[in-house]
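Here is a short tour for someone meeting this structure for the first time. Have the view open as you read, and look up each residue as it comes along.

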Amino acid sequence: MEEDTVGHASVLELCYGRTRCFLIHGKLLIDTDWAGTLPAYLACLQKHGVRAEDVRYLLITHYHPDHCGIAADLMALGTKLLVMDVQKDAVHQADPVFLQDHRHRFTPIPDEGTILLPCGESRQFLKSIGISGEILSTPGHSPDSVSLLLDDEQMAFVGDLPPLEQVACYQDPVLQHSVDRILEHGVRTWCSSHGPVERVNRTE
């Protein structure tokens, strides 16, 4: 692999906290940061000339605190949360962490107003909003982990799955299977939430 920038006009990287978030085609946000980062998120959008109301959908790669902290805040602004079928039991798993941290205001994700989407129907849904791609269940970091694959850009947004060169070190067949499924789709760019953007060699 080689490190690279995102390198596609259809993908905007949003850096406003500890977690790298991505805006796809100006309408689908991948992940948020911790609770309390809404002002930083809005400032980041403004910096890039994006209106908050234009971010129509939010996909959380997995429901750990540093990926879903302002999901409810964004829903209050009109962004619709996509909850994949493999994630429905994990949506509130971070609530106890946030509720014990009194430094930031936290609003739990409301059960009403989310869009529950089977992974098997993700391609059809994405097509309906003008995105060519698929959302896969990719456990390995957590059971509820999902990854977004974009066809035209040949990119995978994998949340906290590890860098490709480290996968074998885990000796985890579940993780290896998830990575293999992603690579079978011919992706050329591996975008994680905390590591660098990686270019995938065609020989791998």
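## Cysteines

Cys68 is buried, with a relative accessible area of 3%; buried means under 20% relative accessible area, exposed over 50%, and partly exposed in between, using a 1.4 Å probe and protein chains only. The closest cysteine sulfur to that of Cys68 belongs to Cys21, and at 11 Å it is too far for a bond. Cys119 also counts as buried, at 13% relative accessibility. Its sulfur is 17 Å from the closest cysteine sulfur, in Cys68, again too far for a bond.

How many disulfides does a search of the whole structure find? The search finds zero, where a disulfide is a pair of cysteine sulfur atoms within 2.5 Å.

## About the model

This is a predicted model, in which local features need pLDDT of at least 70 and side-chain atom pairs count only at pLDDT 80 or more, while totals for chains, interfaces and linings use all residues. Residues are numbered from 1 along each chain as its sequence is written, and side-chain values use heavy atoms, with hydrogens and water left out.

## Nonpolar cores

In soluble globular proteins, nonpolar side chains tend to be buried together. Here the term nonpolar core stands for a set of buried Ala, Val, Leu, Ile, Met, Phe, Trp, Tyr and Cys residues joined through side-chain atoms within 4.5 Å. The largest such core has 29 residues, and Leu14, Leu29, Tyr41, Tyr63 and Leu81 touch the most other members. The elements giving two or more residues to this core are β3 (21-24), α1 (38-47), α3 (71-76) and β6 (80-84); helices (H or I, at least four residues) and strands (E, at least two) are DSSP runs, numbered from the N terminus. The most comes from α1, with four residues. A second, separate core of 24 residues includes Ile30, Tyr57, Cys119 and Met155.

## Salt bridges

A search of the whole structure finds eight salt bridges, each a side-chain nitrogen of Lys or Arg within 4 Å of a carboxyl oxygen of Asp or Glu. One of them joins Arg103 and Asp101, at 2.8 Å from N to O. Arg103 counts as exposed at 64% relative accessibility, whereas Asp101 is buried at 17%.

Salt bridges that share partners also link Arg51, Glu53 and Asp54 into one network. Between Arg51 and Asp54 the closest N and O atoms are 2.9 Å apart, and between Arg51 and Glu53 they are 3.7 Å apart. Arg51 is partly exposed, at 48% relative accessible area, and Asp54 is partly exposed too, at 29%.

## A buried serine

Where is Ser192 found? Look in the loop between β11 (189-191) and β12 (198-199). Ser192 is buried, with a relative accessible area of 6%. Setting aside neighbours within four places in sequence, Ser192 is in contact with Arg20, Phe22, Val158, Gly159 and Leu161. A polar atom of the Ser192 side chain lies 3.2 Å from the backbone nitrogen of Gly195.

Conventions
Polar contact = N/O pair within 3.5 Å; in protein donor to acceptor, adjacent residues only side chain to side chain. Contact = heavy atoms within 4.5 Å.
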